[in-house]
Amino acid sequence: MRELRDTTALVTGASRGIGPYIARALAARGVNLVLSARSEAPLTELAASLRLQGVRAIALPADLAVATERVALARSAEAELDGLDILVNNAGIESEGVFIEQSAQAIDDTVAVNLIAPRCTSRGCCCRRWCSGDGVTWSP
Ligand SMILES: NC(=O)c1ccc[n+]([C@@H]2O[C@H](COP(=O)([O-])OP(=O)(O)OC[C@H]3O[C@@H](n4cnc5c(N)ncnc54)[C@H](OP(=O)(O)O)[C@@H]3O)[C@@H](O)[C@H]2O)c1
C-alpha cells in the first residue's frame, strides 16, 4: 500500500458527514490536513483534534459556490502546508425535490459546488504534483 506519512491532503466538505471520517482516516496514516467547508467551528474543532494525533492540521473555511472563495481556497491550501499531495473533492450538495421546482439559485449552487469547484481545486491546487506525476485526487 502507498506510504502516505508526511504527505498533505486537502479535504473539502470536512465539517460534517463523510468528510471528518476521511480526514481522521488520513490523519491515522500520518497525513497532514487542510480542512475546508463553510462552517468554521467544526473545522477548527476537527483540526485541533487531529493535531493531538500528531499531524499538522488547519481549517480553511470557504464557500465553494462563490468563485472568489474557490480560487482563494485553491491558492491558500497549496501554500499553507508547503504543497499538497492528495486532494479529496468531498464537498457536495445533494439536490432534493423536483428539478423544475428548484430555484435557479439552488441549481446554480449545486452545479458550482458539485462540478465547478472540483475542477477549480483540481487545477488550482495540484499543478505542481500533477507535473511530477505524484498527485492523487479522489472524489467520492
Ligand atoms: N452520503 C452518501 O451516501 C453518499 C453517497 C455517494 C456520494 N456521496 C458524496 O459524498 C460527499 C459527502 O457526502 P455527505 O453525505 O458527507 O454530505 P453532507 O453530510 O451533506 O456534507 C456535505 C459537506 O459539503 C460541505 N458543503 C456543502 N455546500 C458547500 C459549499 N457551498 N461550500 C463548501 N462546502 C460545502 C458541507 O459543509 P458546510 O455546510 O459546512 O459548508 C459538508 O461538509 C458528497 O459529495 C456526496 O455527493 C455521498
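Which residues in α3 meet which residues in α4?

Reply: A word on the model comes before the contact. This is a predicted model, in which local features need pLDDT of at least 70, side-chain atom pairs count only at pLDDT 80 or more, and totals for chains, interfaces and linings use all residues. Residues are numbered from 1 along each chain as its sequence is written.

Now the contact itself. From α3 come Arg70, Val71, Leu73, Ala74, Arg75, Ala77 and Glu78. They meet Ala117, Cys120, Thr121, Gly124 and Cys125 in α4. Contact here puts two C-beta atoms, placed from the backbone, within 7 Å. By class, this contact has seven nonpolar, two polar and three charged residues. Ala, Val, Leu, Ile, Met, Phe, Trp, Tyr, Cys and Pro count as nonpolar, Asp, Glu, Lys and Arg as charged, and the others, Gly among them, as polar.

Next, the geometry. Helix α3 spans residues 67-80 and helix α4 spans residues 104-125. Their axes lie 9 Å apart, and the packing angle is about 35 degrees. Axes are lines fitted to C-alpha atoms, for helices over the stretch in contact; angles run from 0 to 180 degrees between N-to-C directions. The crossing of α3 past α4 is right-handed, that is, the near helix is turned clockwise from the far one by less than a right angle. Helices (H or I, at least four residues) and strands (E, at least two) are DSSP runs, numbered from the N terminus.

Valine 111 also belongs to α4. It counts as partly exposed because it has 14 C-beta neighbours inside 10 Å. The cut-offs are 20 or more other C-beta atoms within 10 Å for buried, 12 or fewer for exposed, and in between for partly exposed, with C-beta atoms placed from the backbone. From valine 111 to alanine 65 is 46 residues in sequence and 8.3 Å in space, C-alpha to C-alpha.

Leucine 81 is partly exposed, because 19 C-beta neighbours lie inside 10 Å. Beyond four places in sequence, leucine 81 contacts Thr8, Asn32, Val34, Arg56 and Ile58. Its C-alpha is 9.3 Å from that of alanine 9, 72 residues away along the chain. Aspartate 82 has 9 C-beta neighbours inside 10 Å and therefore counts as exposed. Its phi is positive, near 65 degrees, though the residue is not glycine.

The largest nonpolar core has 34 residues; Ala9, Leu10, Val11, Ala23, Leu33 and Leu35 touch the most other members. Elements that each supply at least two of its residues include α3, α4, β1 (8-12) and β2 (32-36). Such a core is a set of buried Ala, Val, Leu, Ile, Met, Phe, Trp, Tyr and Cys residues joined through C-beta atoms within 7 Å.

Last, the whole chain. It has five helices and five strands. Their order from the N terminus is β-α-β-α-β-α-β-α-α-β. Of the 140 residues, 37% are buried. Among contacts between residues at least 6 apart in sequence, 64% join residues at least 24 apart.
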